[in-house]
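Trainee: I would like to learn how to read a fold step by step. Could we go through one together, with the general idea before each case?

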Amino acid sequence: MSAQDLPYIDSLRFAKDGEIRAGYYAIAALPRLAKMLSSVQGDLHYRLEGKTEFGRPQLCLTVQAVLSLDCQRCLHPLPQDVQLRSCVGVARNEAELARWDAVDLESGRDMVDAMVAEARMSVQDFVEDEVLLSLSVAPSHPEGKCPESLTGFGILETDSEAS
Ligand SMILES: [Zn+2]
């Protein structure tokens, strides 16, 4: 197993050293995400990159995947092309995190969210967390675009017909 494959990283060191790791997970292997999907086929590709901005180490994550969510209107599959990019600051400890928050509040600067460093951070959990955060709470087909043949069940019609 090469360092690329290790499931854990030292998040602060990774960020400071500007390390880069790219890979993929089978969607079926991400249990919390898989639970929300109508199909767990396919892979989720990610790229994790360490960098430092304004003197703050960060982890920047890019994710690319097609996820099969359920439309909240018709409950039929709704494939979503997910292209995620987000950065998270890595503070040495709670005190530093609090200091960053205080500085940002004072300056009104819009800095990225931050977390406290972990010597053993699970890359998979981090990727999965970020994807879960990015998913829309109630995905649906565009108004009026739910597949026609599927409205015959009447279960979801109550909202529009009750008014
Ligand atoms: Zn729909």
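Trainee: How many residues lie between S4 and S5 in their hairpin, and which residue in the turn has a positive phi?

Mentor: Before the answer, note that this is a predicted model, in which local features need pLDDT of at least 70 and side-chain atom pairs count only at pLDDT 80 or more, while totals for chains, interfaces and linings use all residues. Residues are numbered from 1 along each chain as its sequence is written. Helices (H or I, at least four residues) and strands (E, at least two) are DSSP runs, numbered from the N terminus. The hairpin of S4 and S5 has six residues between the strands, and Leu-75 in the turn has a positive phi of about 65°.

Trainee: What is the pattern of helices and strands along the sequence?

Mentor: The chain holds five helices and seven strands, and they follow the pattern β-α-β-α-β-β-β-α-β-β-α-α.

Trainee: In what order do the strands of the open sheet stand, and how do they pair?

Mentor: Strands of a sheet pair through backbone hydrogen bonds, either parallel or antiparallel. Here two strands count as paired if DSSP finds at least two bridges between them. Five strands form the open sheet in the order S2-S3-S4-S5-S6, with mixed pairing. Strand S2 (20–26) and strand S6 (114–116) stand at the edges with a single partner strand each, so one side of each has no neighbour in the sheet. From one strand to the next, the twist averages 30°; axes are lines fitted to C-alpha atoms, for helices over the stretch in contact, and angles run from 0 to 180 degrees between N-to-C directions.

Trainee: Which strands pair in the antiparallel sense with S3?

Mentor: S2 pairs with S3 in the antiparallel sense over seven bridges, and Tyr-24 has His-45 in S3 as its bridge partner. Strand S3 (residues 43–53) also pairs in the antiparallel sense with strand S4 (residues 56–70), over nine bridges. There, Lys-51 is partnered by Gln-58 in S4, and Glu-53 by Arg-56. These two strands form a hairpin with two residues between them, where Phe-54 in the turn has a positive phi of about 50°.

Trainee: Which strands does helix H4 lie across?

Mentor: Two residues are in contact if their C-beta atoms, placed from the backbone, lie within 7 Å. Helix H4 (residues 123–134) lies across S2, S3, S4 and strand S5 (77–91), and runs at about 120° to S5. Leu-132 lies in helix H4 and, leaving aside its neighbours within four places in sequence, is in contact with Arg-32 and Leu-33.

Trainee: Is Leu-132 buried, partly exposed or exposed?

Mentor: A residue is buried if 20 or more other C-beta atoms lie within 10 Å of its own, exposed if 12 or fewer, and partly exposed in between. Leu-132 counts as partly exposed because it has 13 C-beta neighbours inside 10 Å.

Trainee: How many of the 14 residues of H3 are buried?

Mentor: The number is zero, so H3 lies largely in the open.
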